[in-house]
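Here is a short briefing to read alongside your model. Take a look at the structure, then follow the points below.

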Amino acid sequence: MTVEYAKKTVADVPVDGRRAFVRVDFNVPMDQSGHILDDRRIREAFPTIQYLIKHGARVILASHLGRPGGKPNPAYSLRPVAERLQTLLGQPVEFIPEAVGPVAESAVQRLLPGQVALLENLRFYPGEEKNDLGFAEQLAKLADLYVNDAFGTAHRAHASTVGITKFLPAVSGFLMEKELRTLGNALESPKRPLVAIIGGAKISTKIDVLNHLLPRVDRLLVGGGMANTFLKAKSLNVGKSLVEEDRVSVAKQIMSQAGAKLVLPVDVVVAERVDPTALPEVMAIDQIPGDKMILDIGPKTVDVFAQILQNAGTVIWNGPLGVAEIPAFAEGTLGVARALAQSKAISIVGGGDLVGVLEQLGIAEQMSHVSTGGGASLEFLEGKILPGVAALEDRT
Ligand code: ADP
Ligand code: MG
């Protein structure tokens, strides 16, 4: 086991009667009137919250919401989240309009075993994102135990993810544990063949992922805008497609290292512009007209990818394979998602945009694991140690 996921969980420590400060990721999408558009992030924290309630802990939840920039802003208040949580949980949730100081301290003092409170947005305080130890100590004063269940924020060293662990025993929640175990196993001891599918806009944001995955995977399938730079590196004409000229040499290097492991598109969907009304056309990759741009992988490529996925043991997928927010250019991503849903492989999908697209297409729930962390899952796949994970106590 790697250090990354050999971490203590709430189940490894006494919680009865203790005040547990639980860092959750309740950074939910909201409309301008504070109406929550999707409460998945709230529901995903339930295993940990319900465990703590059942075992008599006093539960103090804390999260950030949006980017208020270190000062209070009612538009980013967590009050609507407390209300939704209360409805979903079916028990009262006290909203505490501050995260530190006398108001917060006396509110948590009144909590009885099994009761739940949610603090106001941590990013209303400048100390949070600065990982200020004074602020972390004030947060720690509210509790006897620290639980981190916010995988999506684990790649950030903030007061509520790192600083606070200097002052309290620190363990992971069950969502954090599941993310680390799933991603960790996929990299360390996967059921083979291990296949990675990497898409998204730019190769530059995913070079570290490609380099970390390459020696570990059996196949590396590349699509999305980033595939264009590889096609360019093969001296193909890619027309007006998004290309990173300054990364052509990196693409060449990856291609020579990868050899037959690397699978690039054999056909693509092109159009004149990125526009829902543009006419999509399928082309072989050596026939792309100069005035068109690549916006999706083509049907032959979907078949090639599907064939590989059919025999895979584990599949890690990050990034959409086309401009999938536009339905005309979502067929490639959808086709590959369908093939993955049908294969017996353990399927692990991550990346903010890919997960959003798969949810929109109604196919996300057919994956074995949908990572809750966009940036965090990317950094994990790059082989980086996430500071919020490193700060937790090891299981001995
Ligand atoms: P994720 O968030 O899933 O990791 P990225 O942020 O790397 O994914 O990339 C997502 C973006 O890539 C989407 O906005 C999508 O429109 C864009 N994209 C995918 N394929 C192409 C393409 N062929 N040309 C231009 N943009 C693309
Ligand atoms: Mg993205």
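A helix crossing is called left-handed if the near helix is turned anticlockwise from the far one by less than a right angle, and right-handed if clockwise. This is a predicted model, in which local features need pLDDT of at least 70 and side-chain atom pairs count only at pLDDT 80 or more, while totals for chains, interfaces and linings use all residues. Residues are numbered from 1 along each chain as its sequence is written, and side-chain values use heavy atoms, with hydrogens and water left out. Helices (H or I, at least four residues) and strands (E, at least two) are DSSP runs, numbered from the N terminus.

**Helix pairs**

- Helix α7 (residues 174–188) and helix α14 (residues 374–381) have axes that come within 11 Å and cross at roughly 30 degrees; axes are lines fitted to C-alpha atoms, for helices over the stretch in contact, and angles run from 0 to 180 degrees between N-to-C directions.
- That angle makes α7 roughly parallel to α14 (under 35 degrees counts as roughly parallel, over 145 as roughly antiparallel, 65 to 115 as roughly perpendicular and the rest as oblique).
- The α7 and α14 crossing is right-handed.
- On the α7 side, Leu180, Leu183, Gly184 and Leu187 make the contact, and on the α14 side Ser377, Phe380 and Leu381 do (contact means heavy atoms within 4.5 Å).
- Helix α2 (residues 46–54) and helix α3 (residues 79–89) have axes that come within 13 Å and cross at roughly 70 degrees.
- The helices α2 and α3 are therefore roughly perpendicular to each other, and their crossing is right-handed.
- Phe46, Ile49, Gln50 and Ile53 of α2 meet Leu85, Leu88 and Leu89 of α3.

**The sheet**

- Six strands form an open sheet in the order β3-β4-β2-β1-β5-β6, with parallel pairing (two strands pair if DSSP finds at least two bridges between them).
- At the edges lie β3 (93–96) and β6 (170–172), each pairing on one side only.
- Neighbouring strands of this sheet are turned against each other by 25 degrees on average, direction ignored.
- Strand β2 (residues 58–62) pairs with strand β4 (residues 116–119) in the parallel sense over three bridges, and Val59 has Val116 in β4 as its bridge partner.

**Salt bridges**

- The structure holds 20 salt bridges (a side-chain nitrogen of Lys or Arg within 4 Å of a carboxyl oxygen of Asp or Glu).
- One salt bridge joins the side chains of Asp12 and Arg395 (3.1 Å, N to O).
- This pair links distant parts of the chain, 383 residues apart: Asp12 sits in the segment before β1 (19–23) and Arg395 in the segment after α15 (387–390).

Conventions. Chains are lettered from A and ligands numbered from 1 in the order in which they are written.
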